[in-house]
Amino acid sequence: MIVLGVILLVIGFVTGISILWTIGIVLVVIGAVLWIAGALGHAVGGRTHYW
């Protein structure tokens, strides 16, 4: 999700399409929050185990 957000940020910046820029920022923020929550040991998406 973070990678997709960064790609949309770059495409939005290069082409000047502001909606891609906005969606990219939102995806990066949500991805970072989920990554931090998962790294802290919280269940993300209702899953406590990875298997």
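Is the crossing of α1 and α2 left-handed or right-handed? Please describe the surroundings of that crossing as well.

A: The crossing of α1 and α2 is left-handed, a term used if the near helix is turned anticlockwise from the far one by less than a right angle, with right-handed used if clockwise. This is a predicted model, in which local features need pLDDT of at least 70 and side-chain atom pairs count only at pLDDT 80 or more, while totals for chains, interfaces and linings use all residues. Residues are numbered from 1 along each chain as its sequence is written, and side-chain values use heavy atoms, with hydrogens and water left out.

Helix α1 covers residues 2-15 and helix α2 residues 18-39, helices being DSSP runs (H or I, at least four residues) numbered from the N terminus. The two pack with their axes 7 Å apart and at an angle of about 160°, where axes are lines fitted to C-alpha atoms over the stretch in contact and angles run from 0 to 180 degrees between N-to-C directions. That makes α1 roughly antiparallel to α2, the word for angles over 145 degrees.

On the α1 side, the contact (heavy atoms within 4.5 Å) is made by residues including Leu 4, Gly 5, Leu 8 and Phe 13, and on the α2 side by residues including Trp 21, Ile 23, Leu 27 and Trp 35. By class, the contact has 15 nonpolar, four polar and no charged residues; Ala, Val, Leu, Ile, Met, Phe, Trp, Tyr, Cys and Pro count as nonpolar, Asp, Glu, Lys and Arg as charged, and the others, Gly among them, as polar.

Leaving aside neighbours within four places in sequence, Leu 27 is in contact with Met 1, Leu 4, Gly 5 and Leu 8. From Leu 4 to Ile 23, 19 residues apart along the chain, the C-alpha separation is 9.7 Å, and Ile 23 is partly exposed at 38%.

The structure also holds one aromatic pair, formed by Phe 13 and Trp 21, whose ring centres are 6.0 Å apart and whose planes meet at 40°, so the pair is tilted. Rings of Phe, Tyr and Trp (its six-membered ring) pair if their centres lie within 6.5 Å, and planes under 30 degrees apart count as stacked, over 60 as edge-to-face and the rest as tilted. Phe 13 is exposed at 61%, whereas Trp 21 is partly exposed at 38%.

Technical notes:
Buried < 20%, exposed > 50% of the residue type's maximum accessible area, 1.4 Å probe, protein only. Parallel < 35°, antiparallel > 145°, perpendicular 65-115°, else oblique.
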